[in-house]
Amino acid sequence: MTESFHRSGEYENPYEGQQQAPVNPEWPPPPAYAPAHAPRPKKRGRGPLALIAAVAIVAAAIGGGTAYGIQELTGNDTVASSSTSTNVVPSSQKGTVAGVAKAVSPSIVEISADSNAGSSTGSGVIITSGGEIVTNNHVVSGASRIKATMSDGKSYTAKVVGTDSKKDLALIKLENASGLKAATLGDSAGIQVGDQVVAIGSPEGLSGTVTSGIISALDRDVTVPTEEGQDQGQQQWGQGQGQGDQWPFEFGGRQFNGDTGSSTTTYKALQTDASLNPGNSGGALIDMNGNIIGINSAMYAPTTQASSSSDAGSVGLGFAIPINTVKADLAKLRAGSTD
């Protein structure tokens, strides 16, 4: 026998006084009657690791919604910005034009601008839920009244916050607006020639028109006028006889859509073959993840002295201001620049 009891009931340890192996304090005490073959202790469950993995899966599932969610939590004037890897488009429609259109169209508006010279129509991109909108300077330049119409048909009056004619950019703010769906601004530095893109705007006043194509070239030097009403083409546009997107520009030493005049500025543009038509100016050029990568700004029309909408149309030569240029200019525009 290995164990015995005194009559008094005291336990007698037969190994008392003998040297024993050290005991690890973390080990559980042995049972009173240890079985001949003790079962191996069960492995600890990976609770924390499993939780982290689950959180990672959920984060991956919500993807591009994270940036917009942070924007809503931090206030109406926070711009949602991301890398081109952020997915705004639901995973079930990832990489499709339909998915991009559904996800981004609520963030694109039609802009109507009235001035002493007449009226014009363009587009804009909502960048904050409180109603900040980026568009082209030439869409709102000289306007005495600006109206923005949402994709659901609701309209707001807007005021110019700041302009930058050297980059053909303007920031306007809707009056009494809140809870709008802001677009996510991507990273135009990651764009490559051949990347698929989607353009959304209001050509010829047709709100929410969607076209698609590719990036045809990068860093195109596009020259545009910095003053309104310099040439016949622009005067016609101002009087409502010409087309807003027949904004004259110069490329490679050649003039397109009229004379750019004596006061001009040059910026680096993305070239796209996505169809752009009069009214697309200020609208969005979007990657297939739903991120805004450019603000559409100019197109080549086949006639330089168009007098009616039937004379102009897309020939696959459109240009957009890279979104990184826009992001770098936002603080200046918000400060009320009138350059």
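Author: K167 is partly exposed, its relative accessible area being 30%. Its salt-bridge partner is D164, and the closest N and O atoms of the two are 3.7 Å apart. This model is predicted, and such side-chain pairs are counted only at pLDDT 80 or more. In general, side chains of opposite charge can pair when their charged atoms come close.

D164 itself is buried, because its relative accessibility is 1% and the limit for that class is under 20%. D164 also forms a salt bridge with K332, where the closest N and O atoms lie 3.6 Å apart. D164 belongs to strand 7 (residues 155-164) and K332 to helix 6 (residues 323-334), so this pair ties together parts that are 168 residues apart in sequence.

K332, at 32% relative accessibility, is partly exposed. Besides D164, K332 has D339 as a salt-bridge partner, with 3.0 Å between the closest N and O atoms. D339 is likewise partly exposed, with a relative accessible area of 43%. Through shared partners, the salt bridges join D164, K167, K332 and D339 into one network.

The chain holds 6 salt bridges by the rule applied, together with 6 helices and 16 strands. Of its 339 residues, 43% are buried. Where contacts join residues at least 6 apart in sequence, 70% of them link residues at least 24 apart.

Conventions: Residues numbered from 1 in each chain as written. Heavy atoms only, no water. Helix = DSSP H or I, 4+ residues; strand = E, 2+ residues; numbered from the N terminus. Buried < 20%, exposed > 50% of the residue type's maximum accessible area, 1.4 Å probe, protein only. Contact = heavy atoms within 4.5 Å. Salt bridge = Lys/Arg side-chain N within 4 Å of Asp/Glu carboxyl O.
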